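Please look over the sequence and the model shown here. A short report on the fold follows them.

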Amino acid sequence: PTCTGNPDLGECGEEQGSGVEMAEQSLLNKLIRHSLVHSSNQVEVLQRDPSSPLYSVKSFEELRQRKPELLKGVYQMGFNRPSRIQENALPLMMAQPWRAQNLIAQSQSGTGKTAAFCLAMLGIVNPADKWPQCLCIAPTYELALQIGQVLEQMGRFCADVRLVYAVRGNRIVRGTKVQEQIVVGTPGTVYDWCAKQKVLDPKKITMFVLDEADVMISMQGHRDQSIRIQSRLLPKGCQMLFFSATFEDSVWEFAERIIPEPNYIRLKREEETLDNIRQFYIMCGSKEEKFSALCNLYGCLTIAQTIVFCQTRRMASWLAESMTREGHQVGVLSGEMTVEQRAAVIERYREGKEKVLVTTNVCSRGIDVEQVTLVVNFDLPVDLKGRADNDTYLHRIGRSGRFGKRGFAVNLVDSQRSMDIIRQIEAHFDRKIRKLDLEELDDLEELD
């Protein structure tokens with residue numbers, strides 16, 4: 001599709017609130033993703049009509065897509081067969097003969113869900129109709145641009161399909177109407193174009209996609225703007241597609257408020273397993289003892305690469321400097337870096353130019369580096385109330401043991417409070433975290 005407007009103009013003020021960090025993390029995942037994540041998680045499909053046959057597809061041809069030029073674009077992007085989320089979501093989104101099927105879907109970063117809904121949008125568009133038919137909203141300008149780039153790549157052979165970015169800084173002449181068939185934007189600008197400037201007619205929209213929902217609801221104003229777009233502007237019968245990497249209670253509540261009579265696709269929670277990650281803790285008396293234990297760990301394990309998590313930027317900086325003085329090749333990730341700087345560090349780490357990555361929580365989610373064997377919690381993850389942050393712990397130690405390989409997680413404990421956190425984590429996951437004495441390090445890989 002042809003892109004109109006100037007997508008190089010940044011958003012000026014649509015990234016306010018606590019969701020900025022989540023949005024940056026999502027963008028980082030997209031920048032460093034070289035291929036699809038092959039998830040071992042089982043997908044659960046719940047249909048609104050239980051009597052309706054449940055379809056999945058093993059090839060894109062099975063979709064009976066009547067646009068060969070679109071399939072050509074899909075294959076040129078390197079998609080040989082549908083991913084697991086695509087197998088189940090595409091038949092619902094692209095039912096033939098077409099009828100609107102609403103969908104609430106959970107899918108982790110990198111599983112192909114962006115390509116799935118881009119294929120669905122391109123598939124239903126009628127190029128002869130010069131008005132918006134598909135609307136996709138994302139939390140930030142950068143994430144909207146990422147979606148637009150997928151649409152442009154996938155639709156490169158669809159010469160008559162056009163795309164416009166509804167983002168701040170991209171102005172449409174007042175009194176004119178958007179004629180592009182696909183609109184990708186952020187909630188505030190989309191609502192402004194529809195309700196205030198009236199340059200976008202939402203009443204002819206046949207497919208509405210809300211992406212990165214968990215990020216969306218954490219950002220100031222985006223939740224309410226998204227609800228207003230759905231409830232006040234879009235026509236009844238418009239197909240609603242809702243995607244989120246996580247589904248906490250607040251996300252479910254938001255989803256069910258926006259999407260009427262949905263089908264559900266979600267990851268089965270019991271598949272979030274720690275079975276291939278061996279967990280230990282080491283008692284230490286100070287940060288210096290923690291550092292000594294870390295160096296002993298690294299010296300005794302036959303480690304390809306290690307990620308070390310710290311709670312603060314200051315601690316991460318101190319630890320990286322200390323490890324560098326000991327001769328280790330160390331990369332550092334922390335929140336004050338730009339997304340592009342973080343992506344460059346991760347690329348160096350992935351290529352093996354640094355063997356140790358010291359980071360704060362900015363790196364705890366979604367980064368898949370096959371060579372990681374050891375994750376060390378230099379500081380244990382805690383929430384604002386000082387209790388164990390179990391979700392962060394799971395995401396942290398899940399950086400090892402990727403792709404079915406065995407991994408190790410070692411927690412450095414320096415106080416009774418830290419020990420209490422270990423006990424809370426054990427209770428939550430129903431897994432024993434074994435105490436590891438320094439004299440056992442040589443035999444660590446043999447331990448059960």
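**Overall**

This is a predicted model, in which local features need pLDDT of at least 70, side-chain atom pairs count only at pLDDT 80 or more, and totals for chains, interfaces and linings use all residues. Residues are numbered from 1 along each chain as its sequence is written, and side-chain values use heavy atoms, with hydrogens and water left out.

The protein has 14 helices and 16 strands. Helices (H or I, at least four residues) and strands (E, at least two) are DSSP runs, numbered from the N terminus. Of the 448 residues, 56% are buried. Buried means under 20% relative accessible area, exposed means over 50%, and partly exposed lies in between (1.4 Å probe, protein chains only). A contact means heavy atoms within 4.5 Å. Among contacts between residues at least 6 apart in sequence, 80% join residues at least 24 apart.

Strand S3 covers residues 103-106. In a regular strand the side chains alternate between the two faces of the sheet. In S3 both faces are covered: Leu-103 and Ala-105 on one side are buried, and so are Ile-104 and Gln-106 on the other.

S3 pairs with strand S8 (residues 239-244) in the parallel sense, over four bridges. Two strands pair if DSSP finds at least two bridges between them. Within this pair, Ala-105 stands opposite Phe-243 in S8.

Pro-262 lies 159 residues away along the chain, yet the two C-alpha atoms are separated by 5.0 Å. Pro-262 sits in the loop between helix H9 (249-258) and strand S9 (263-267). Pro-262 counts as buried because its relative accessibility is 12%.

**A seven-strand sheet**

An open sheet of seven strands runs in the order S12-S13-S11-S14-S15-S10-S16, with parallel pairing. Its edge strands are S12 (330-333) and S16 (434-435), each pairing on one side only. Helix H11 (residues 313-325) packs on this sheet and touches S11, S12 and S13 (356-359). The direction of H11 makes about 155° with that of S13. Such angles run from 0 to 180 degrees between N-to-C directions, with axes fitted to C-alpha atoms, for helices over the stretch in contact.

Inside the sheet, S11 (residues 305-309) and S14 (residues 372-377) share five bridges in the parallel sense. Thr-306 stands opposite Leu-374 in S14.

| Residue | Phi | Loop |
|---|---|---|
| Lys-198 | about 55° | between H6 (187-196) and S7 (207-210) |

Glu-212 counts as buried because its relative accessibility is 7%.

**The cavity**

Rolling a probe the size of a water molecule over the atoms shows where empty space is left. Here a cavity is a set of points, on a 1 Å grid over the protein atoms alone, where a 1.4 Å probe fits but cannot get out; lining residues have an atom within 4 Å of a point. Grid points are joined across faces, edges and corners, and a volume is the space filled by probe spheres set on the points.

How many cavities of 30 Å³ or more are there? The count is one. The largest cavity has a volume of about 40 Å³. Its lining includes Phe-60, Gln-86 and Met-154. Helices H3 (84-93) and H4 (113-124) each give two or more residues to this lining. H4 supplies the largest share, three residues.

Definitions and conventions
On a 1 Å grid over the protein atoms alone, a cavity is a set of points where a 1.4 Å probe fits but cannot get out, and a pocket is an open set with protein on both sides within 12 Å along at least five of seven lines; lining residues have an atom within 4 Å of a point.
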